[in-house]
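Subject: Handing over a structure, with notes on what was found

Dear colleague,

I am passing a structure on to you, and I would be grateful if you could look through it alongside the notes that follow.

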Amino acid sequence: MVVRERLWRVSNPNLSEAERASFVHDLMSARREVKAAKAANDDTRLTKARRLVNAAKISLGERGPVWWQDGAKDFNRHMVKNTPYLDWYTQLDKPKE
C-alpha cells in the first residue's frame, strides 16, 4: 500500500477471516487503550498499550517477519521513489489531489 508516496506493508492475505477479524479487534482495543493512557498521562499504561498495538500488528503481518515467501525485500516505510517499485507506482491511476 502507498500512503503519501511511502510504502506500507498490508495485512497477510493468507489469514482466515476469523483470524483477521480477531487481530483487528485486538488492534482497535489496543489503540483505544493508547488513547486512554495518553488522556490519563500514565506512561506505564501507555508503554503496555503500545506493546499491545505492536503485537496485534505483528499478528496481522504488518510488522515483524514478512509473510510472503518469494524472497522479496521488505520496503515497509520506504519512499516508493527509492525502491524497485517506482515504475509500478508511476503507472498507477492516482486520484488528483
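Arg77 lies in the loop between H2 and H3, where helices (H or I, at least four residues) and strands (E, at least two) are DSSP runs, numbered from the N terminus. Please bear in mind that this is a predicted model, in which local features need pLDDT of at least 70 and side-chain atom pairs count only at pLDDT 80 or more, whereas totals for chains, interfaces and linings use all residues. Residues are numbered from 1 along each chain as its sequence is written, and side-chain values use heavy atoms, with hydrogens and water left out.

Backbone angles

To stay with Arg77 for a moment, its phi is near 75°, a positive value in a residue other than glycine. Most residues other than glycine have a negative phi. With a relative accessibility of 42%, Arg77 counts as partly exposed, the scheme being that buried means under 20% relative accessible area, exposed over 50%, and partly exposed in between (1.4 Å probe, protein chains only). Arg4 also has a positive phi, of about 50°, although it is not a glycine. Arg4 is placed in the loop between strand E1 (2-3) and E2, and it is exposed, with a relative accessible area of 78%.

Salt bridges

A salt bridge is here a side-chain nitrogen of Lys or Arg within 4 Å of a carboxyl oxygen of Asp or Glu, and by this rule the count comes to 4 salt bridges. Side chains of opposite charge can pair when their charged atoms come close. One of these salt bridges joins the side chains of Arg9 and Asp74, at 2.5 Å from N to O. This pair links distant parts of the chain, since Arg9 sits in the loop between strand E2 (6-7) and helix H1 (17-39) while Asp74 sits in the loop between H2 and H3, 65 residues apart. Arg9 counts as buried at 10% relative accessibility, whereas Asp74 is partly exposed, with a relative accessible area of 25%.

Another salt bridge is formed by the side chains of Glu17 and Arg20, at 2.8 Å from N to O. Both Glu17 and Arg20 belong to helix H1, where they are 3 residues apart, about one turn of the helix. Glu17 is exposed, with a relative accessible area of 52%, and Arg20 is partly exposed, with a relative accessible area of 34%.

The surroundings of Glu62

The side chains of Lys57 and Glu62 also meet in a salt bridge, at 2.7 Å from N to O, and both Lys57 and Glu62 are buried. Glu62 itself is found in the loop between helix H2 (43-60) and helix H3 (86-90), and its relative accessible area is 17%. The side chain of Glu62 makes a polar contact with the side chain of Ser11 at 2.8 Å, a polar contact being a pair of N or O atoms within 3.5 Å, of which, within protein, one must be able to donate a hydrogen and the other to accept it, and residues adjacent in sequence count only if both atoms are side-chain atoms. If residues up to four places away in sequence are not counted, Glu62 touches Arg9, Val10, Ser11, Lys57 and Asn76, where contact means heavy atoms within 4.5 Å.

Glu19 lies in helix H1 and is partly exposed, with a relative accessible area of 36%. The side chain of Glu19 reaches the backbone nitrogen of Ser16 at 2.8 Å. From C-alpha to C-alpha, Glu19 and Leu60 are 8.5 Å apart in space, although they are 41 residues apart in sequence. Pro84 lies in the loop between H2 and H3, and at 60% relative accessibility it counts as exposed. Pro84 and Lys73 are 11 residues apart in sequence and 9.9 Å apart in space, again from C-alpha to C-alpha.

The largest pocket

The largest pocket is lined by 15 residues, of which Met1, Trp8, Arg9, Trp68 and Tyr85 lie nearest its centre.

With kind regards

Notes
1 Å grid on protein atoms, 1.4 Å probe; cavity = no way out; pocket = protein on both sides within 12 Å on 5 of 7 lines; lining within 4 Å.
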